[in-house]
Amino acid sequence: MKKHLTFAVAFAALACGTAAYAQSDFSGQLKARQGQFRIMAINLGIIGDMAQGKSEYNAEAAQAAANTLVAVSMIQQAPMWPAGSDNMATEGTRAQPNIWEQNDDFLAKWGDFGTAAKAIQAAAAGGVEGLGPVMGQVGGACKACHDTYRAPAN
Amino acid sequence: MGLAALAAAAFFVTGATPIDDSPLAGRDSDPAKGETVFIASGCASCHAAPDAKGDAKLILAGGQRFESDFGTFIAPNISPHPHAGIGSWTLGEFASAVKKGLSPEGQHYYPAFPYGSYLHMDDQDVVDLWAYWQTLPADATPSQPHEVGFPFNIRRSVGVWKLLYLDDSWVVQIADTPELERGRYLVEALAHCGECHTPRDALGGMNRANWLGGAPNPTGRGNIPSLRPADLTWEPTEIAYYLETGFTPDFDSAGGHMVAVIENFAKLPASDRQAVAAYLKALP
């Protein structure tokens, strides 16, 4: 009798544990990955505004922003993109299921952002004329991933 | 008897009248200018093979699929291959196709091919474009038939559609600076922005009264935004920058179909992007 009770309790605990895991929302991971894109936007804006002549060129500020972009590019992506956090399975994300179906290509495109960020880092303190081309390069990297892996806005 | 006469009239009226190609004859052609027309018109964006990148986009082998309410259209091979593509065509036949939506055999093309916009093209641009075309690589991939069901698979009915909807007047009548004229030419003709950004009625004709007013995405998901001044509140420099880099004023980055559009606009001169921005801001 005691053995059956133990077994029943253990089984119930496992079942509850499994159910709790399956229902975990991904709000932490969604906030984290959307936050990383916001950090990118803020720092791209610092450099982009200089490139467009909307703000005074400042070598130190440009370098700091570029260094930040490189730092973001080094964030490990996998923990923020758990299976089941795509826009078909959950709310509040534009991440398409093909991120998981073509995960190697997705991560390769993330790597392309890193390459472009390093190009900005190399050019940032060298004068405003050099900013345009490297902004174009990073724009291409952003677009290439969004083209395939991000759903339309509405 | 009356019905037969009506049917005969309908048959006649929906028929194919090829373009009068006499204005095209005897012109010098410039393939370098043709390349600019090619880029602005986005030929490769639809007619290159799916997932082609870089220089492979110059191989117009076809195969990309375009979903719509009328079925799925599959872009044909329009490389200069003499059998699989359009290599055996004359300049007049090319002009008829691009500006009137007519095949050399006299069949109507479906308006998924945006000849409703291309009909505004300058004849010299068509001549230059055809000259550039001859420099492109030939490809032997066979074109695939469209996946369009009854009744839309009756090409003759496109003749009715053309009568209802083709309009060779400009949408924006007043363009009184060279910059606005160029902007109008790019938006209304070559870059055919209206084809996606203008709402359509049940038969798929553009609603010119709400020009560039936004539309549901034909692939079914999301909306294509309005570019009218009340809705697109960006500065002209911001519009031009977006067309060059894909960055919005908040440094979000474009995705979806606009990526291909921006890829093309980035290769055009800055004055062209500024002209488009000026035209959008001048919309009533």
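What share of the 154 residues in chain A is buried? Buried residues make up 27% of them. The model is predicted. In it, chain A touches chain B, and a nonpolar core includes residues of both chains, among them Ile47(A) and Leu186(B).

**Chain A: elements and contacts**
- Chain A has six helices and zero strands.
- From the N terminus on, its elements therefore read α-α-α-α-α-α.
- Take the contacts in chain A with a separation of 6 or more: 67% of them join residues 24 or more positions apart.

**Where chain A meets chain B**
- On one side stand 17 residues of chain A, and on the other 18 residues of chain B.
- Two elements of chain A, α2 (27-52) and α6 (131-149), each give two or more residues to the side that touches chain B.
- The largest share of that side comes from α6(A), with seven residues.
- By class, this side of chain A holds seven nonpolar, seven polar and three charged residues.

**The largest nonpolar core**
- The largest nonpolar core counts 86 residues.
- Ile47(A), Ile120(A), Leu131(A), Val138(A) and Leu186(B) touch the most other members.
- The element that gives the most to this core is α6(A), with nine residues.
- Domain 1 (18-154) and domain 2 (178-281) of chain B both give residues to the core, so the core lies between them.

**A closer look at Leu131(A)**
- Leaving out residues up to four places away in sequence, Leu131(A) touches Ile47(A), Met50(A), Ala51(A), Ala62(A) and Ala123(A).
- One of these partners, Ile47(A), is also among the core residues that touch the most other members.

Note on methods: Residues are numbered from 1 along each chain as its sequence is written. Chains are lettered from A and ligands numbered from 1 in the order in which they are written. This is a predicted model: local features need pLDDT of at least 70, side-chain atom pairs count only at pLDDT 80 or more; totals for chains, interfaces and linings use all residues. Two residues are in contact if their C-beta atoms, placed from the backbone, lie within 7 Å. Helices (H or I, at least four residues) and strands (E, at least two) are DSSP runs, numbered from the N terminus. Ala, Val, Leu, Ile, Met, Phe, Trp, Tyr, Cys and Pro count as nonpolar, Asp, Glu, Lys and Arg as charged, and the others, Gly among them, as polar. A residue is buried if 20 or more other C-beta atoms lie within 10 Å of its own, exposed if 12 or fewer, and partly exposed in between; C-beta atoms are placed from the backbone. A nonpolar core is a set of buried Ala, Val, Leu, Ile, Met, Phe, Trp, Tyr and Cys residues joined through C-beta atoms within 7 Å. Domain bounds come from an automatic or database domain assignment.
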